[in-house]
Structure formats: C-alpha cells, structure tokens
Amino acid sequence: MPVQRYASVIRLRGELEAEYRALHAAAWPEVLATLKRAHIGNYSIFLRDGLLFSYLEYAGEDYAADTALIAECPVTRDWWARTDPCQQPLDSVGDGEWWAPAEEVFHLE
C-alpha cells in the first residue's frame with residue numbers, strides 16, 4: 001500500500017509560542033507511540049509567521065479508523081488539552097475540524 005501524505009494548517013497563538021515549543025521539545029512518549037501504532041510517520045510541524053504547518057505520512061489501510069484510535073487514547077487527549085489552547089483554527093475550517101487540511105499541489109518522488 002502506498003504511503004499517503006497529509007498536510008494541515010492552524011494558527012499559533014503568539015503569546016503561547018514558548019509553551020507550544022517547550023511541549024514539542026519534550027513530546028510525551030505515549031503520544032509518539034500512539035501515532036506510530038496508528039501507522040503515522042515522518043511527521044513534522046513547521047512554524048512561519050504565526051502559522052503552524054503539519055506534514056505526516058500514513059502507511060496504514062484505514063486513516064479514519066487509525067485517527068479515531070489516536071483520539072481514544074487518554075494520554076493523547078491530555079496532550080491535546082495542553083496544545084489546543086496554543087492554537088487557533090483558521091476561519092476556513094469545516095465543521096468538526098481543528099487543523100485545516102491543505103491540498104497537495106506538487107510532489108516530487
């Protein structure tokens with residue numbers, strides 16, 4: 001099964017940038033393990049001009065089911081309780097979205 005690439009964008013609240021950076025500098029091992037169990041790898045978050053850009057690669061068979069498993073993890077939910085206040089969704093997000101999905105317009109293997 002080919003790897004699927006996902007990217008998304010959200011605003012970072014400037015007054016909480018230091019906290020957000022500190023959290024990710026010492027990301028919780030159980031959160032990272034849960035992502036790996038969900039077939040997510042090569043995951044990066046970039047920051048530019050107050051925007052966070054997330055990129056990840058998914059190597060599983062059912063993205064919706066695997067991301068639901070992530071959301072069921074109590075440690076991940078605690079992590080989100082710390083990171084979500086640092087973020088502000090874009091005005092263009094759909095119902096139920098937090099990070100705004102980004103469309104891939106170019107890729108080079």
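**Exercise 1.** Classify Thr 67 as buried, partly exposed or exposed.

*Solution.* The cut-offs on relative accessible area are under 20% for buried and over 50% for exposed, with partly exposed in between (1.4 Å probe, protein chains only). Thr 67 has a relative accessibility of 27%, so Thr 67 counts as partly exposed. Thr 67 belongs to helix α3, residues 63-72. Helices (H or I, at least four residues) and strands (E, at least two) are DSSP runs numbered from the N terminus.

The model is predicted: local features need pLDDT of at least 70, side-chain atom pairs count only at pLDDT 80 or more, and totals for chains, interfaces and linings use all residues. Residues are numbered from 1 along each chain as its sequence is written, and side-chain values use heavy atoms, with hydrogens and water left out.

**Exercise 2.** Find how far Thr 67 lies from Glu 104 in sequence and in space.

*Solution.* In sequence, Thr 67 and Glu 104 are 37 residues apart. In space, their C-alpha to C-alpha separation is 20 Å.

**Exercise 3.** Count the aromatic pairs in the whole structure, then classify the pair Tyr 6 and Tyr 63.

*Solution.* Rings of Phe, Tyr and Trp (its six-membered ring) pair if their centres lie within 6.5 Å; planes under 30 degrees apart are stacked, over 60 edge-to-face, and the rest tilted. The search of the whole structure gives 4 aromatic pairs. For Tyr 6 and Tyr 63, the ring centres are 3.9 Å apart and the planes meet at 10°, so this pair is stacked. Tyr 6 sits in strand β1 (residues 4-12) and Tyr 63 in helix α3, so the pair ties together parts 57 residues apart in sequence. Tyr 6 is partly exposed at 25% relative accessibility, and Tyr 63 is partly exposed at 25%. Ring pairs also link Tyr 6, Tyr 58 and Tyr 63 into a cluster.

**Exercise 4.** Classify the pair Trp 28 and Trp 79, and state the burial class of each residue.

*Solution.* The ring centres of Trp 28 and Trp 79 are 5.1 Å apart with planes at 75°, so the pair is edge-to-face. Trp 28 is in the loop between α1 (17-25) and α2 (29-37), while Trp 79 is in helix α4 (residues 74-83), 51 residues apart. Trp 28, at 25% relative accessibility, counts as partly exposed; Trp 79, at 6%, counts as buried.

**Exercise 5.** Describe how β2 and β3 pair and what joins them.

*Solution.* Two strands pair if DSSP finds at least two bridges between them. Strands β2 (residues 40-48) and β3 (residues 51-58) are antiparallel, with 7 bridges. Arg 48 has Leu 51 in β3 as its bridge partner. The two strands form a hairpin with 2 residues between them, and Asp 49 in the turn has a positive phi of about 50°.
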